[in-house]
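Me: Please take a close look at the helix packing in this chain. Go through the contacts one by one, then follow a few residues into their surroundings.

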Amino acid sequence: MNFGAAEEESAAQIRVPAEIDWQKLDKSKFFCLGAALFSGVSATLYPVVVLKTRQQVSPSQLSCIRTAFSLIRLEGFTALYRGFGTSLTGTIPARALYMAALEITKSNVGTAALRFGVAEPTAATIANAAAGLSAAMAAQLVWTPVDVVSQRLMVQSGSRCNSPPQYMNGIDAFRKILKNDGARGLYRGFGISILTYAPSNAVWWASYSVAQRMVWGGVGWCLCSKKGGGGESELRPDSKTVMAVQGVSAAMAGGMSALITMPLDTIKTRLQVLDGDENGRRGPTVMQTVRNLVREGGWMACYRGLGPRWASMSVSATTMITTYEFLKRLSTKNQEVFT
């Protein structure tokens, strides 16, 4: 299925690179290179995730800058990477599941939509939304237990503090959670994770598809104006222009998705990290978590950590999509897609 035509319609005289679907990919190269590239992306953005998580579980409202300085002063710079090993170990299989579900669903749903007579721009948006939804649901089977363990490590005090850490490392945290709460403890917040990430991914991929066509339309108008307009000449943007358009579109979609899903993400993080004393050994319920948040700081407490999450999702989306599109072009069976 060629979604490139949809972009060509919205930017009349621009020829943008065609979409690379699942059948065109060298799967072994796709997954191996993907693991390496996205590990680097995760390492770069991990400190922002730590700060966001700290803000979400804090009973008081602190700015991102104050949280960062306080954390580094009291626990050292390495506190910004606490739990990273655990997160990285789980991210690799989760990313593999995510990418496979994303590409397979996008290809199949897009082809089916075209077969039913849906216009290609609309088919592209539907396929992207369905792909984001299925990819998020598949990846959460791995991501939820990894989140539970890594977030527990993120928020505990380090060795510089007076109190000893509750968990020595990721394996120790995994073992203790499993012993105290069973397998259910590792999937604490799984339902709300699906409610957070599945719609968020559907909105993000659909928004990305629409934003990309809009941005290409603007780029096409600018390029045509510079060329003097008119005529039937076809414009071929260079690789830097393509990456810039993808990055801007991804940032727009990521920022909007962060704003919409922030309250659910705060509740999810609290459920996964904080132990509840209202139900004995069971963790707090969703309603108890919401009541506690509102009691601490009103409804705006649900938006604690919005700054780091907005920045993280916008930067992550930009980095992820440019890396992802680059990965797909590196992994194609026919390298003519570069031209």
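Reply:
**Helix against helix**

From α5, the residues Val148, Val149, Arg152 and Leu153 make contact with Gly170, Ala173, Phe174 and Ile177 of α6. Sorted by class, this contact holds six nonpolar residues, one polar and one charged. The model is a predicted one.

Now the geometry of that pair. α5 spans residues 120–155 and α6 spans residues 170–181. Their axes come within 9 Å and cross at roughly 115°. α5 is therefore roughly perpendicular to α6, a class that covers angles of 65 to 115 degrees. The crossing of the two is right-handed.

Step back to the whole chain. How many helices and strands does the chain have? There are eleven helices and zero strands. Along the sequence the pattern reads α-α-α-α-α-α-α-α-α-α-α. The chain has 339 residues, and 50% of them count as buried. Contacts reach across the sequence: among those with a separation of 6 or more, 80% join residues 24 or more positions apart. The chain exposes about 16,100 Å², and 64% of that area comes from carbon and sulfur atoms.

**α2 and its partners**

Next comes helix α2, residues 27–57, which packs against helix α4, residues 84–115. Two packed helices are described by the angle between their axes and the distance between the axes. For α2 and α4 the angle is about 130° and the axes are 9 Å apart. On the α2 side the contact uses Phe30, Phe31, Gly34, Ala35, Phe38, Ser39, Ser42, Ala43 and Tyr46. α4 brings Phe84, Ser87, Leu88, Thr91, Ile92, Arg95, Ala96, Met99, Ala100 and Glu103. By class, that is twelve nonpolar, five polar and two charged residues.

α2 also packs against helix α11, residues 306–330. Here the axes come within 10 Å and cross at roughly 175°. Angles over 145 degrees count as roughly antiparallel, so α2 and α11 fall in that class. In α2, the residues in this contact are Lys29, Phe30, Leu33, Gly34, Leu37, Phe38, Val41, Leu45, Val48, Val49, Lys52 and Gln55. Facing them in α11 are Pro308, Arg309, Ser312, Val315, Ser316, Thr319, Met320, Thr323, Tyr324, Leu327, Lys328 and Leu330. The contact of α2 with α11 counts 14 nonpolar, six polar and four charged residues. Phe30, Gly34 and Phe38 take part in the contact with α4 and also in the contact with α11.

One more residue of α2 deserves a stop: Leu51. Is Leu51 buried or exposed? Its relative accessibility is 9%, under the 20% cut-off, so Leu51 counts as buried. Leaving out residues up to four places away in sequence, Leu51 touches Cys64, Thr67, Ala68, Leu71 and Leu80. Cys64 is 13 residues from Leu51 along the chain, and their C-alpha atoms are separated by 6.7 Å.

Move on to the loop between α4 and α5, the place of Val118. At 27% relative accessibility, Val118 is partly exposed. Beyond its neighbours within four places in sequence, Val118 is in contact with Ala113, Ala123 and Ile126.

Helix α8, residues 190–227, holds Ala206. Ala206 has a relative accessible area of 16% and is buried. Which residues does Ala206 contact, apart from neighbours within four places in sequence? They are Thr125, Asn128 and Ala129. Thr122 is 84 residues from Ala206 in sequence, with 9.7 Å between their C-alpha atoms.

Setting aside neighbours within four places in sequence, Ala250 contacts Trp204, Tyr208, Ala317, Thr318 and Ile321. Tyr208 lies 42 residues away from Ala250 in sequence and 5.8 Å away in space, C-alpha to C-alpha.

Conventions. Residues numbered from 1 in each chain as written. Predicted model: local features only at pLDDT ≥ 70, side-chain atom pairs only at ≥ 80, totals over all residues. Heavy atoms only, no water. Helix = DSSP H or I, 4+ residues; strand = E, 2+ residues; numbered from the N terminus. Buried < 20%, exposed > 50% of the residue type's maximum accessible area, 1.4 Å probe, protein only. Contact = heavy atoms within 4.5 Å. Areas by Shrake-Rupley, 256 points an atom, 1.4 Å probe, with all protein chains shown as cover. Axes fitted to C-alpha atoms, helices over the stretch in contact; angles between N-to-C directions. Nonpolar A, V, L, I, M, F, W, Y, C, P; charged D, E, K, R; others polar. Parallel < 35°, antiparallel > 145°, perpendicular 65-115°, else oblique. Left-handed = near helix turned anticlockwise from the far one by under 90°.
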